[in-house]
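Please look through the structure below with the following report at hand, which moves from the overall fold to a few particular residues.

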Amino acid sequence: MSFKSVICVCLFILTAACGWTPVYMKNKQGVSVVDETAQVRVAKVPEETGRILVRTLNSMLNPDNKDVSKKYELQIDLSETLNTDQGILGDNTATRATMRLTAKYKLVELGTNRILLSDKAYTISSYNILTAPYATLTAEQTTRRRLAELLANSIALRMANYFKGRQSS
């Protein structure tokens, strides 16, 4: 056995001994967190950024695209702020913009309408304002798409953590 293999086995044993388990691992009842998150219906969010967020969340919460009945609904209120007062040149021209996406979301149990989880997440990034308007528009759209995907990742991880906590209790 190579040195790297021994190290990997030792690390696995150490993490298993401390009670750490991967999120995707099935519990004693044979249910994984992904089985739980697949039961989340993501409510529609307006605008293109909202559609990107919803599409990305759906693929993260239900990666195998299982056809299961939905027990929960994830409702998201998405807002965007854009600050273009950065990198001001001598002629008062802005050269840098910062965009922030904020999502206030809640996980609602269908049938009872009980709010199981309510939280807020945000992502922030910046891009250059160029002399070519099309290049600036493309940079803005790319930043918006990237922020929506990062926000979806953050929310999906929070959902996985929530369901993992429910399984262990």
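## Overall architecture

Of the 169 residues of the protein, 34% count as buried, and this figure, like every other value in this report, comes from a predicted model. The protein holds four helices and four strands, and from the N terminus on its elements follow the order α-α-β-α-β-β-β-α. Among the contacts in the protein with a separation of 6 or more, 63% are accounted for by residues 24 or more positions apart.

## The nonpolar core

The largest nonpolar core has 32 residues, and those with the most contacts inside it are Leu 57, Leu 74, Ile 76, Leu 107 and Ile 155. Two or more residues are given to this core by each of strand E1 (40–42), H3, strand E2 (72–88), strand E3 (94–109), E4 and helix H4 (133–168). The largest share, ten residues, comes from H4.

Once its neighbours within four places in sequence are left aside, Ile 155 is in contact with Leu 57, Leu 74, Ala 103, Tyr 105 and Ala 121.

## Helix H3

Helix H3, which covers residues 47–61, has 15 residues and reaches 21 Å from its first C-alpha to its last, close to the 21 Å expected at 1.5 Å a residue. The buried residues in H3 are Thr 49, Gly 50, Ile 52, Leu 53, Val 54, Thr 56, Leu 57 and Leu 61. As background to such a pattern, an α-helix has 3.6 residues a turn, so residues three or four places apart point the same way.

Is Ser 125 buried or exposed? Ser 125 has its place in strand E4, residues 114–128, and it counts as buried because its relative accessibility is 17%, where the cut-off for buried is under 20%.

The side chain of Ser 125 makes a polar contact, at 2.9 Å, with the side chain of Arg 146. Apart from neighbours within four places in sequence, the residues in contact with Ser 125 are Ala 97, Thr 98, Met 99, Thr 143, Arg 146 and Leu 147.

## Aromatic rings

The structure holds two aromatic pairs. One of them, formed by Tyr 162 and Phe 163, is edge-to-face, with 5.3 Å centre to centre and 75° between the planes. Both Tyr 162 and Phe 163 are buried, and ring pairs link Tyr 72, Tyr 162 and Phe 163 into a cluster.

A ring also takes part in an arrangement with a charged group, in that the charged end of Arg 100 sits over the ring of Tyr 122, 3.8 Å from its centre.

Key:
Residues are numbered from 1 along each chain as its sequence is written. This is a predicted model: local features need pLDDT of at least 70, side-chain atom pairs count only at pLDDT 80 or more; totals for chains, interfaces and linings use all residues. Side-chain values use heavy atoms; hydrogens and water are left out. The expected span of a helix is 1.5 Å times one less than its number of residues. Buried means under 20% relative accessible area, exposed over 50%, partly exposed in between (1.4 Å probe, protein chains only). A polar contact is a pair of N or O atoms within 3.5 Å; within protein, one must be able to donate a hydrogen and the other to accept it, and residues adjacent in sequence count only if both atoms are side-chain atoms. Contact means heavy atoms within 4.5 Å. A nonpolar core is a set of buried Ala, Val, Leu, Ile, Met, Phe, Trp, Tyr and Cys residues joined through side-chain atoms within 4.5 Å. Rings of Phe, Tyr and Trp (its six-membered ring) pair if their centres lie within 6.5 Å; planes under 30 degrees apart count as stacked, over 60 as edge-to-face and the rest as tilted. A charge sits over a ring if NZ of Lys or CZ of Arg is within 6 Å of the ring centre and within 35 degrees of the ring normal.
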